[in-house]
Amino acid sequence: MKKDNELIIVTGDKEEKATILFTFEEAGVNYVVFEFDETKEVSAARFEPSNADGIGTLSDIETEAEWDLVENVFNQYEKDLDDEAQDD
């Protein structure tokens, strides 16, 4: 069963499961930040939806400016999580 926050990344004949941490849009581009389930490595990609079921294509983030943007958004995400944990 597929969960809404689950991502299957297919590279050649290899499939990797990942958990979507969050998505965001900037300047008309959709981004997805995810954590590989097996390695716990966090990564990000551009997401281009291809249908209403949430199925689409991931593509590489190509510029340093895009990586800076993703890093800034991720840092804010982590800060917000820390703030929530301290409020509990």
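Colleague: Hi! Which residues does E66 touch, not counting those up to four places away in sequence?

Modeller: Hello! E66 touches Y31, R46 and I61 once you leave out residues up to four places away in sequence. Bear in mind that this is a predicted model.

Colleague: Thanks. And where is E66 found?

Modeller: E66 is in helix 1.

Colleague: Is E66 buried or exposed, and why?

Modeller: E66 is buried, because its relative accessible area is 7%, and buried means under 20%.

Colleague: What joins the side chains of E66 and Y31?

Modeller: A polar contact of 2.7 Å joins those of E66 and Y31. The side chain of E66 also has a polar contact with that of R46, at 2.7 Å.

Colleague: Let's stay with Y31 for a moment. Which residue forms an aromatic pair with Y31 that is stacked?

Modeller: Let me start with the total: the structure holds 5 aromatic pairs. One of them joins F22 and Y77, with ring centres 4.6 Å apart and planes at 35°, so this pair is tilted. F22 sits in strand 2 (residues 14-26) and Y77 in helix 1 (residues 64-87), so the pair links distant parts of the chain, 55 residues apart. As for Y31, its stacked partner is F24, at 5.1 Å centre to centre with 20° between the planes.

Colleague: Are F24 and Y31 buried or exposed?

Modeller: Both F24 and Y31 are buried.

Colleague: What about F22, buried or exposed?

Modeller: F22 counts as buried, because its relative accessibility is 13%. Y77 counts as partly exposed, at 23% relative accessibility.

Colleague: Which residues do ring pairs link into a cluster?

Modeller: The cluster consists of F22, F24, Y31, F74 and Y77.

Colleague: New topic, the whole protein. What pattern does it follow along the sequence?

Modeller: Along the sequence the pattern reads β-β-β-β-β-α, and the secondary structure comes to 1 helix and 5 strands. The C-alpha atoms fill a box of roughly 40 × 30 × 25 Å along the principal axes.

Colleague: How much of the protein do buried residues make up?

Modeller: Buried residues make up 20% of the 88 residues. The protein exposes about 6600 Å², and carbon and sulfur atoms supply 46% of that area.

Colleague: Last one, charges! How many positive and negative side chains are there?

Modeller: The protein has 7 positive and 26 negative side chains. The centres of these two sets lie 6 Å apart.

Note on methods:
Residues are numbered from 1 along each chain as its sequence is written. This is a predicted model: local features need pLDDT of at least 70, side-chain atom pairs count only at pLDDT 80 or more; totals for chains, interfaces and linings use all residues. Side-chain values use heavy atoms; hydrogens and water are left out. Rings of Phe, Tyr and Trp (its six-membered ring) pair if their centres lie within 6.5 Å; planes under 30 degrees apart count as stacked, over 60 as edge-to-face and the rest as tilted. Helices (H or I, at least four residues) and strands (E, at least two) are DSSP runs, numbered from the N terminus. Buried means under 20% relative accessible area, exposed over 50%, partly exposed in between (1.4 Å probe, protein chains only). Accessible areas come from the Shrake-Rupley method with a 1.4 Å probe; for residues, only the protein chains shown count as cover. Lys and Arg count as positive and Asp and Glu as negative; His and the chain ends are not counted. The place of a charge is taken as NZ of Lys, CZ of Arg, CG of Asp or CD of Glu. A polar contact is a pair of N or O atoms within 3.5 Å; within protein, one must be able to donate a hydrogen and the other to accept it, and residues adjacent in sequence count only if both atoms are side-chain atoms. Contact means heavy atoms within 4.5 Å.
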